[in-house]
Amino acid sequence: MKEYKKVEWKNIPHFANVTDEQWNDYKWQLKNVVRDIETLEKIVPLEDDEKADLRNCLEKFHMSITPYYAALMDKKDRRCPVRMLAVPRIMELHNDKSDLDDPLHEDVDSPVHGLTHRYPDRVLLLVTNICSMNCRHCTRRRLVGFEDQHLSRANVDKAIEYIRANKVIRDVLISGGDPMVLSDDQLEYIIKQLREIEHVEIIRIGTRTPVVMPQRITDSLVNMLKKYHPIYVNTHFNHPKEITDEARAACAKLADAGISLGNQSVLLRDLNDCPNLMKKLVHELLMIRVRPYYIYQCDLSLGISHFRTTVAKGLEIMENLRGHTSGLAVPTFVVDAPGGGGKIPVMPNYLITMSDERAVLRNYEGVITTYSMPKSATAAEGTVHNCVACEEGKYKPLDGVAKLLNGERLTIQPSELVRHARHHND
Ligand SMILES: *Cc1c(COP(=O)(O)O)cnc(C)c1O
Ligand code: SF4
(Lines give C-alpha, C1' and ligand atoms only; values in the text may rest on other atoms or scores of the structure.)
(Ligands and ions follow the chains in the order given, each with its own letter.)
Protein backbone atom coordinates (compact mmCIF):
# COMPACT_ATOMS: atom_id res chain seq x y z
CA MET A 1 0.00 0.00 0.00
CA LYS A 2 1.23 3.42 -0.93
CA GLU A 3 1.79 5.74 2.00
CA TYR A 4 0.50 9.27 1.66
CA LYS A 5 2.09 12.21 3.41
CA LYS A 6 0.01 14.58 5.44
CA VAL A 7 0.71 18.25 4.94
CA GLU A 8 3.31 19.34 7.49
CA TRP A 9 1.80 22.40 9.06
CA LYS A 10 2.70 21.97 12.69
CA ASN A 11 6.28 23.07 12.22
CA ILE A 12 5.19 26.36 10.63
CA PRO A 13 5.48 28.94 13.44
CA HIS A 14 2.50 30.93 12.15
CA PHE A 15 0.27 27.92 12.88
CA ALA A 16 1.88 27.08 16.22
CA ASN A 17 -1.25 27.75 18.26
CA VAL A 18 -3.65 26.04 15.89
CA THR A 19 -5.23 22.85 17.23
CA ASP A 20 -5.83 19.72 15.14
CA GLU A 21 -9.51 20.29 15.57
CA GLN A 22 -9.29 23.79 14.11
CA TRP A 23 -7.05 22.72 11.26
CA ASN A 24 -9.39 19.90 10.26
CA ASP A 25 -12.42 22.17 10.34
CA TYR A 26 -13.08 23.69 6.94
CA LYS A 27 -14.78 26.66 8.53
CA TRP A 28 -11.52 27.46 10.28
CA GLN A 29 -9.70 27.02 6.96
CA LEU A 30 -12.10 29.42 5.24
CA LYS A 31 -11.90 31.96 8.04
CA ASN A 32 -8.11 31.91 7.88
CA VAL A 33 -7.59 32.11 4.15
CA VAL A 34 -4.32 33.90 3.38
CA ARG A 35 -5.04 37.16 1.59
CA ASP A 36 -2.10 39.44 2.29
CA ILE A 37 1.66 39.54 1.97
CA GLU A 38 2.28 39.85 5.70
CA THR A 39 0.53 36.56 6.45
CA LEU A 40 1.93 34.73 3.44
CA GLU A 41 5.41 35.74 4.46
CA LYS A 42 4.97 33.98 7.78
CA ILE A 43 4.32 30.73 5.92
CA VAL A 44 6.79 30.92 3.03
CA PRO A 45 9.77 33.26 3.04
CA LEU A 46 9.39 35.84 0.27
CA GLU A 47 12.19 37.79 -1.35
CA ASP A 48 11.98 41.54 -1.90
CA ASP A 49 11.27 41.35 -5.63
CA GLU A 50 8.55 38.77 -5.03
CA LYS A 51 6.93 41.03 -2.49
CA ALA A 52 7.11 44.05 -4.78
CA ASP A 53 5.47 42.06 -7.57
CA LEU A 54 2.83 40.75 -5.23
CA ARG A 55 2.00 44.23 -4.02
CA ASN A 56 1.44 45.29 -7.63
CA CYS A 57 -0.71 42.27 -8.39
CA LEU A 58 -2.85 42.67 -5.29
CA GLU A 59 -3.92 46.10 -6.48
CA LYS A 60 -5.72 44.39 -9.31
CA PHE A 61 -6.43 40.82 -8.18
CA HIS A 62 -7.38 39.04 -5.01
CA MET A 63 -5.12 36.43 -3.57
CA SER A 64 -6.74 33.83 -1.39
CA ILE A 65 -4.98 30.66 -0.31
CA THR A 66 -6.31 28.17 2.22
CA PRO A 67 -3.91 27.55 5.12
CA TYR A 68 -3.85 23.89 4.07
CA TYR A 69 -2.72 24.65 0.52
CA ALA A 70 -0.30 27.33 1.75
CA ALA A 71 1.34 24.79 4.06
CA LEU A 72 1.88 22.54 1.05
CA MET A 73 4.10 25.12 -0.65
CA ASP A 74 7.81 24.61 -0.81
CA LYS A 75 9.51 27.01 1.57
CA LYS A 76 12.57 27.53 -0.60
CA ASP A 77 11.67 26.85 -4.20
CA ARG A 78 9.84 29.73 -5.86
CA ARG A 79 8.99 27.45 -8.75
CA CYS A 80 7.20 24.95 -6.56
CA PRO A 81 4.03 24.02 -8.51
CA VAL A 82 1.75 24.62 -5.56
CA ARG A 83 3.27 28.05 -5.13
CA MET A 84 2.90 28.89 -8.83
CA LEU A 85 -0.77 27.89 -8.69
CA ALA A 86 -1.50 29.99 -5.61
CA VAL A 87 0.79 33.03 -5.42
CA PRO A 88 0.28 35.80 -7.98
CA ARG A 89 3.22 36.61 -10.22
CA ILE A 90 3.83 39.84 -12.10
CA MET A 91 3.02 38.24 -15.47
CA GLU A 92 -0.64 38.28 -14.47
CA LEU A 93 -0.67 42.00 -15.11
CA HIS A 94 0.34 41.40 -18.71
CA ASN A 95 -2.47 41.03 -21.21
CA ASP A 96 -1.32 39.17 -24.28
CA LYS A 97 -2.74 40.13 -27.65
CA SER A 98 -4.43 36.74 -27.93
CA ASP A 99 -6.11 37.08 -24.51
CA LEU A 100 -9.89 37.27 -24.40
CA ASP A 101 -12.24 38.38 -21.65
CA ASP A 102 -14.74 35.54 -22.05
CA PRO A 103 -12.91 33.15 -24.39
CA LEU A 104 -15.47 30.37 -24.12
CA HIS A 105 -18.49 32.66 -24.57
CA GLU A 106 -19.97 31.36 -21.34
CA ASP A 107 -21.77 34.67 -20.85
CA VAL A 108 -22.89 34.81 -24.49
CA ASP A 109 -24.36 31.28 -24.60
CA SER A 110 -26.39 32.05 -21.50
CA PRO A 111 -30.20 32.04 -21.64
CA VAL A 112 -30.54 32.98 -17.96
CA HIS A 113 -28.04 34.44 -15.51
CA GLY A 114 -25.58 31.83 -14.21
CA LEU A 115 -26.47 29.17 -16.76
CA THR A 116 -24.64 28.26 -19.97
CA HIS A 117 -26.54 26.11 -22.44
CA ARG A 118 -24.05 25.21 -25.17
CA TYR A 119 -24.50 21.54 -25.86
CA PRO A 120 -27.83 20.02 -26.87
CA ASP A 121 -28.51 17.91 -23.78
CA ARG A 122 -26.57 19.41 -20.88
CA VAL A 123 -26.03 22.71 -19.11
CA LEU A 124 -23.42 24.39 -16.97
CA LEU A 125 -24.79 26.06 -13.86
CA LEU A 126 -22.42 28.56 -12.20
CA VAL A 127 -23.80 28.78 -8.68
CA THR A 128 -21.16 31.05 -7.17
CA ASN A 129 -18.10 33.03 -8.14
CA ILE A 130 -16.40 32.32 -4.84
CA CYS A 131 -13.72 29.66 -4.40
CA SER A 132 -12.00 28.43 -1.28
CA MET A 133 -8.83 29.39 -3.09
CA ASN A 134 -8.17 31.62 -6.08
CA CYS A 135 -6.11 29.62 -8.59
CA ARG A 136 -3.75 31.77 -10.59
CA HIS A 137 -4.53 29.95 -13.84
CA CYS A 138 -8.30 30.24 -13.47
CA THR A 139 -10.19 30.30 -16.76
CA ARG A 140 -13.10 32.17 -15.13
CA ARG A 141 -10.95 35.08 -14.01
CA ARG A 142 -13.54 37.47 -15.34
CA LEU A 143 -15.87 36.21 -12.60
CA VAL A 144 -13.76 34.74 -9.86
CA GLY A 145 -11.75 36.79 -7.38
CA PHE A 146 -13.36 40.19 -7.81
CA GLU A 147 -16.80 40.69 -6.34
CA ASP A 148 -17.46 37.69 -4.17
CA GLN A 149 -21.00 36.49 -4.41
CA HIS A 150 -23.15 33.42 -4.79
CA LEU A 151 -25.78 33.26 -7.50
CA SER A 152 -28.82 34.84 -5.83
CA ARG A 153 -31.70 32.64 -4.74
CA ALA A 154 -33.89 34.35 -7.34
CA ASN A 155 -31.40 33.56 -10.12
CA VAL A 156 -30.97 29.98 -8.90
CA ASP A 157 -34.74 29.63 -9.12
CA LYS A 158 -34.78 31.09 -12.63
CA ALA A 159 -32.04 28.71 -13.78
CA ILE A 160 -33.88 25.73 -12.30
CA GLU A 161 -37.07 26.92 -13.99
CA TYR A 162 -35.22 27.02 -17.32
CA ILE A 163 -33.97 23.47 -16.80
CA ARG A 164 -37.45 22.30 -15.80
CA ALA A 165 -38.94 23.85 -18.94
CA ASN A 166 -36.35 22.37 -21.31
CA LYS A 167 -36.91 18.66 -21.56
CA VAL A 168 -33.79 18.11 -23.67
CA ILE A 169 -31.58 18.77 -20.63
CA ARG A 170 -30.61 15.45 -19.11
CA ASP A 171 -27.31 16.44 -17.45
CA VAL A 172 -26.67 19.42 -15.18
CA LEU A 173 -23.13 20.39 -14.34
CA ILE A 174 -22.94 22.50 -11.18
CA SER A 175 -19.80 24.59 -11.12
CA GLY A 176 -18.61 28.10 -10.28
CA GLY A 177 -16.42 29.37 -8.64
CA ASP A 178 -16.48 26.35 -6.43
CA PRO A 179 -19.91 24.98 -5.47
CA MET A 180 -18.42 23.37 -2.36
CA VAL A 181 -18.05 26.81 -0.74
CA LEU A 182 -21.83 26.79 -0.43
CA SER A 183 -23.19 25.40 2.82
CA ASP A 184 -24.62 21.89 2.76
CA ASP A 185 -28.10 23.44 2.92
CA GLN A 186 -27.52 25.86 0.06
CA LEU A 187 -26.13 23.09 -2.09
CA GLU A 188 -28.97 20.76 -1.18
CA TYR A 189 -31.52 23.43 -2.09
CA ILE A 190 -30.21 23.30 -5.67
CA ILE A 191 -29.58 19.56 -5.99
CA LYS A 192 -32.89 18.55 -4.44
CA GLN A 193 -34.85 20.62 -6.94
CA LEU A 194 -32.81 19.35 -9.86
CA ARG A 195 -33.42 15.77 -8.75
CA GLU A 196 -37.16 16.40 -8.73
CA ILE A 197 -37.07 17.21 -12.45
CA GLU A 198 -37.90 14.02 -14.28
CA HIS A 199 -35.76 14.61 -17.37
CA VAL A 200 -32.60 15.45 -15.37
CA GLU A 201 -30.82 12.11 -15.43
CA ILE A 202 -27.46 12.98 -13.92
CA ILE A 203 -26.08 15.76 -11.74
CA ARG A 204 -22.41 16.62 -11.85
CA ILE A 205 -20.40 18.86 -9.55
CA GLY A 206 -17.14 20.46 -10.64
CA THR A 207 -14.96 21.38 -7.67
CA ARG A 208 -11.34 21.95 -6.73
CA THR A 209 -12.14 21.60 -3.04
CA PRO A 210 -10.71 18.08 -2.56
CA VAL A 211 -7.40 19.56 -3.75
CA VAL A 212 -7.28 22.90 -1.98
CA MET A 213 -9.49 22.35 1.07
CA PRO A 214 -10.11 18.62 1.55
CA GLN A 215 -11.46 19.31 5.05
CA ARG A 216 -14.70 20.45 3.37
CA ILE A 217 -15.54 16.88 2.34
CA THR A 218 -17.33 16.03 5.57
CA ASP A 219 -19.57 13.12 6.47
CA SER A 220 -22.59 15.39 6.48
CA LEU A 221 -21.77 16.66 2.98
CA VAL A 222 -21.42 13.18 1.47
CA ASN A 223 -24.49 11.93 3.34
CA MET A 224 -26.47 14.75 1.77
CA LEU A 225 -25.07 14.15 -1.72
CA LYS A 226 -25.71 10.44 -1.74
CA LYS A 227 -29.44 10.98 -1.31
CA TYR A 228 -29.54 12.37 -4.84
CA HIS A 229 -27.73 9.76 -6.91
CA PRO A 230 -26.57 9.48 -9.67
CA ILE A 231 -24.11 12.21 -8.64
CA TYR A 232 -20.74 12.60 -10.33
CA VAL A 233 -17.93 14.79 -9.05
CA ASN A 234 -15.14 16.11 -11.21
CA THR A 235 -12.19 17.56 -9.40
CA HIS A 236 -9.10 19.41 -10.53
CA PHE A 237 -5.66 18.05 -9.63
CA ASN A 238 -2.83 19.48 -11.73
CA HIS A 239 0.26 18.03 -10.14
CA PRO A 240 1.20 14.89 -8.14
CA LYS A 241 2.34 17.11 -5.28
CA GLU A 242 -1.33 17.94 -4.65
CA ILE A 243 -2.08 14.30 -3.87
CA THR A 244 -1.68 14.27 -0.10
CA ASP A 245 -3.17 12.04 2.55
CA GLU A 246 -5.84 14.66 3.20
CA ALA A 247 -6.80 14.79 -0.50
CA ARG A 248 -6.83 10.99 -0.64
CA ALA A 249 -9.15 10.84 2.38
CA ALA A 250 -11.51 13.42 0.86
CA CYS A 251 -11.75 11.45 -2.38
CA ALA A 252 -12.25 8.21 -0.44
CA LYS A 253 -15.23 9.74 1.40
CA LEU A 254 -16.83 10.77 -1.87
CA ALA A 255 -16.11 7.44 -3.53
CA ASP A 256 -17.40 5.50 -0.50
CA ALA A 257 -20.66 7.42 -0.88
CA GLY A 258 -20.95 5.91 -4.35
CA ILE A 259 -19.92 9.05 -6.18
CA SER A 260 -17.89 8.51 -9.34
CA LEU A 261 -14.86 10.77 -9.38
CA GLY A 262 -13.22 12.27 -12.44
CA ASN A 263 -10.37 14.71 -12.82
CA GLN A 264 -9.80 17.65 -15.10
CA SER A 265 -6.24 18.98 -15.31
CA VAL A 266 -5.11 22.07 -17.10
CA LEU A 267 -1.93 21.81 -19.12
CA LEU A 268 0.35 24.44 -17.58
CA ARG A 269 3.75 25.60 -18.75
CA ASP A 270 6.67 24.70 -16.50
CA LEU A 271 4.27 23.06 -14.12
CA ASN A 272 2.87 19.87 -15.61
CA ASP A 273 3.73 20.01 -19.33
CA CYS A 274 5.88 16.90 -19.22
CA PRO A 275 4.83 13.43 -20.43
CA ASN A 276 6.49 11.69 -17.49
CA LEU A 277 4.93 13.97 -14.94
CA MET A 278 1.47 13.61 -16.47
CA LYS A 279 1.85 9.86 -16.45
CA LYS A 280 2.73 9.96 -12.78
CA LEU A 281 -0.25 12.21 -12.09
CA VAL A 282 -2.80 9.96 -13.86
CA HIS A 283 -1.42 6.87 -12.10
CA GLU A 284 -1.64 8.52 -8.71
CA LEU A 285 -5.16 9.72 -9.45
CA LEU A 286 -6.33 6.17 -10.12
CA MET A 287 -4.82 5.10 -6.82
CA ILE A 288 -7.01 7.60 -4.98
CA ARG A 289 -10.01 6.34 -7.00
CA VAL A 290 -10.20 9.30 -9.36
CA ARG A 291 -10.53 8.61 -13.08
CA PRO A 292 -8.61 11.05 -15.32
CA TYR A 293 -11.27 12.70 -17.52
CA TYR A 294 -9.86 15.71 -19.34
CA ILE A 295 -6.58 17.49 -19.88
CA TYR A 296 -7.41 21.01 -21.02
CA GLN A 297 -5.34 23.18 -23.24
CA CYS A 298 -5.02 26.36 -21.15
CA ASP A 299 -7.72 28.83 -22.22
CA LEU A 300 -7.11 32.29 -23.68
CA SER A 301 -8.38 34.07 -20.57
CA LEU A 302 -6.87 37.44 -19.64
CA GLY A 303 -3.55 37.52 -17.84
CA ILE A 304 -2.66 33.84 -17.91
CA SER A 305 -0.56 33.69 -21.08
CA HIS A 306 2.51 32.75 -19.00
CA PHE A 307 0.76 29.50 -18.11
CA ARG A 308 0.06 28.50 -21.70
CA THR A 309 2.00 25.98 -23.68
CA THR A 310 1.53 24.63 -27.21
CA VAL A 311 -1.14 22.23 -28.39
CA ALA A 312 1.78 20.12 -29.61
CA LYS A 313 2.82 19.54 -26.00
CA GLY A 314 -0.61 18.10 -25.23
CA LEU A 315 -0.36 15.80 -28.23
CA GLU A 316 3.04 14.59 -27.10
CA ILE A 317 1.61 13.80 -23.69
CA MET A 318 -1.26 11.83 -25.22
CA GLU A 319 1.18 9.94 -27.45
CA ASN A 320 3.00 8.93 -24.29
CA LEU A 321 -0.10 7.70 -22.49
CA ARG A 322 -2.29 5.74 -24.91
CA GLY A 323 -1.03 2.16 -25.15
CA HIS A 324 1.86 2.87 -22.82
CA THR A 325 -0.35 2.63 -19.76
CA SER A 326 -3.81 1.50 -18.57
CA GLY A 327 -6.60 2.81 -20.73
CA LEU A 328 -8.34 3.84 -17.51
CA ALA A 329 -5.52 6.28 -16.87
CA VAL A 330 -5.84 8.01 -20.23
CA PRO A 331 -7.87 11.24 -20.22
CA THR A 332 -9.09 13.08 -23.31
CA PHE A 333 -7.00 16.07 -24.32
CA VAL A 334 -9.29 18.95 -25.32
CA VAL A 335 -9.05 22.46 -26.63
CA ASP A 336 -12.06 24.42 -25.44
CA ALA A 337 -12.83 26.38 -28.58
CA PRO A 338 -12.56 30.16 -28.26
CA GLY A 339 -15.91 31.65 -29.23
CA GLY A 340 -17.98 28.92 -27.63
CA GLY A 341 -17.47 25.96 -29.94
CA GLY A 342 -17.09 23.70 -26.95
CA LYS A 343 -14.46 21.12 -26.17
CA ILE A 344 -12.60 19.75 -29.16
CA PRO A 345 -10.66 16.54 -28.57
CA VAL A 346 -7.20 16.40 -30.08
CA MET A 347 -5.22 13.22 -30.36
CA PRO A 348 -2.47 11.69 -32.40
CA ASN A 349 -3.53 10.26 -35.76
CA TYR A 350 -3.87 6.53 -35.48
CA LEU A 351 -5.71 6.09 -38.79
CA ILE A 352 -3.14 6.20 -41.57
CA THR A 353 -5.31 5.61 -44.62
CA MET A 354 -8.37 3.73 -45.80
CA SER A 355 -9.94 2.06 -48.81
CA ASP A 356 -13.45 0.57 -49.14
CA GLU A 357 -12.02 -2.71 -47.99
CA ARG A 358 -9.39 -1.85 -45.44
CA ALA A 359 -8.43 0.64 -42.78
CA VAL A 360 -4.70 1.04 -42.20
CA LEU A 361 -3.88 1.91 -38.61
CA ARG A 362 -0.83 2.34 -36.47
CA ASN A 363 -0.49 1.59 -32.77
CA TYR A 364 1.52 3.32 -30.03
CA GLU A 365 4.59 1.23 -30.89
CA GLY A 366 4.51 2.32 -34.51
CA VAL A 367 3.29 -1.06 -35.70
CA ILE A 368 1.19 -0.60 -38.84
CA THR A 369 -1.75 -2.92 -39.26
CA THR A 370 -4.89 -3.38 -41.39
CA TYR A 371 -8.49 -3.93 -40.44
CA SER A 372 -10.62 -5.56 -43.13
CA MET A 373 -14.06 -4.02 -43.36
CA PRO A 374 -17.21 -6.13 -43.68
CA LYS A 375 -18.54 -6.12 -47.25
CA SER A 376 -22.25 -5.94 -46.50
CA ALA A 377 -22.46 -3.04 -44.07
CA THR A 378 -23.59 -0.26 -46.35
CA ALA A 379 -25.41 2.73 -44.90
CA ALA A 380 -28.85 1.26 -45.63
CA GLU A 381 -28.18 -2.09 -44.03
CA GLY A 382 -26.11 -0.85 -41.16
CA THR A 383 -28.96 0.06 -38.84
CA VAL A 384 -30.14 -1.93 -35.88
CA HIS A 385 -33.27 -3.99 -36.52
CA ASN A 386 -36.15 -2.60 -34.46
CA CYS A 387 -33.74 -0.30 -32.67
CA VAL A 388 -35.06 0.53 -29.19
CA ALA A 389 -33.43 3.95 -29.26
CA CYS A 390 -34.45 5.17 -32.73
CA GLU A 391 -37.83 6.66 -33.46
CA GLU A 392 -39.56 5.04 -36.45
CA GLY A 393 -36.52 2.82 -36.66
CA LYS A 394 -34.53 5.69 -38.11
CA TYR A 395 -31.38 7.29 -36.81
CA LYS A 396 -31.81 11.06 -36.80
CA PRO A 397 -29.02 13.13 -35.28
CA LEU A 398 -30.10 16.36 -33.60
CA ASP A 399 -27.35 18.50 -34.96
CA GLY A 400 -23.84 18.75 -36.28
CA VAL A 401 -21.43 16.69 -38.32
CA ALA A 402 -23.40 13.53 -37.51
CA LYS A 403 -26.02 14.82 -39.99
CA LEU A 404 -23.42 14.61 -42.75
CA LEU A 405 -22.75 11.00 -41.88
CA ASN A 406 -26.35 9.87 -42.06
CA GLY A 407 -26.93 11.81 -45.27
CA GLU A 408 -29.45 14.33 -43.94
CA ARG A 409 -27.18 17.14 -45.00
CA LEU A 410 -24.70 17.48 -47.79
CA THR A 411 -22.57 20.27 -46.33
CA ILE A 412 -22.21 22.48 -43.30
CA GLN A 413 -21.26 26.01 -44.30
CA PRO A 414 -20.36 29.22 -42.53
CA SER A 415 -23.20 31.75 -42.76
CA GLU A 416 -20.84 34.27 -44.32
CA LEU A 417 -18.78 33.17 -47.29
CA VAL A 418 -17.08 35.57 -49.68
CA ARG A 419 -18.22 33.55 -52.68
CA HIS A 420 -21.85 33.70 -51.50
CA ALA A 421 -21.75 37.48 -51.91
CA ARG A 422 -20.99 36.89 -55.59
CA HIS A 423 -24.12 34.80 -56.16
CA HIS A 424 -26.61 36.62 -58.40
CA ASN A 425 -30.02 37.10 -56.80
CA ASP A 426 -32.59 36.67 -59.56
C1 LIG B 1 -17.47 21.38 -20.31
C2 LIG B 1 -18.83 21.83 -20.45
C3 LIG B 1 -19.89 20.96 -20.32
C4 LIG B 1 -19.71 19.48 -20.04
O5 LIG B 1 -18.99 18.89 -21.08
P6 LIG B 1 -18.71 17.32 -21.08
O7 LIG B 1 -17.83 17.13 -22.27
O8 LIG B 1 -20.04 16.69 -21.19
O9 LIG B 1 -18.04 16.98 -19.80
C10 LIG B 1 -21.16 21.46 -20.48
N11 LIG B 1 -21.39 22.76 -20.75
C12 LIG B 1 -20.37 23.63 -20.89
C13 LIG B 1 -20.68 25.03 -21.22
C14 LIG B 1 -19.06 23.21 -20.73
O15 LIG B 1 -18.05 24.07 -20.85
S1 SF4 C 1 -11.27 26.53 -8.09
FE2 SF4 C 1 -11.73 26.60 -10.29
S3 SF4 C 1 -13.06 28.41 -10.53
FE4 SF4 C 1 -12.03 28.59 -8.54
S5 SF4 C 1 -10.19 29.80 -8.91
FE6 SF4 C 1 -9.61 27.63 -9.07
S7 SF4 C 1 -9.79 27.16 -11.27
FE8 SF4 C 1 -10.96 29.07 -10.88
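This tour goes from the ligand to its contacts and then to the pocket around them. The model is predicted, so to speak of local features requires pLDDT of at least 70 and side-chain atom pairs count only at pLDDT 80 or more, while totals for chains, interfaces and linings use all residues. Residues are numbered from 1 along each chain as its sequence is written, chains are lettered from A and ligands numbered from 1 in the order written, and side-chain values use heavy atoms, without hydrogens and water.

Select ligand 1 and the residues near it (a heavy atom within 4 Å): Thr116, Arg118, Tyr119, Arg122, Leu124, Leu173, Arg204, Tyr293, Tyr294 and Lys343. By class, this shell has five nonpolar, one polar and four charged residues, with Tyr and Leu counted as nonpolar and Arg and Lys as charged.

Next, show the polar contacts (N or O pairs within 3.5 Å). Oxygen atoms of ligand 1 lie 2.6 Å from a polar side-chain atom of Tyr293, 2.8 Å from an N or O atom in the side chain of Arg204 and 3.1 Å from one in the side chain of Lys343. The protein covers 91% of the 380 Å² of accessible area that ligand 1 has on its own (Shrake-Rupley, 1.4 Å probe).

A pocket is an open set of points on a 1 Å grid where a 1.4 Å probe fits, with protein on both sides within 12 Å along at least five of seven lines; lining residues have an atom within 4 Å of a point. Of the 41 lining residues, Thr139, Arg140, Ser175, Gln264 and Tyr296 lie nearest the centre.

How values were computed: A polar contact is a pair of N or O atoms within 3.5 Å; within protein, one must be able to donate a hydrogen and the other to accept it, and residues adjacent in sequence count only if both atoms are side-chain atoms.
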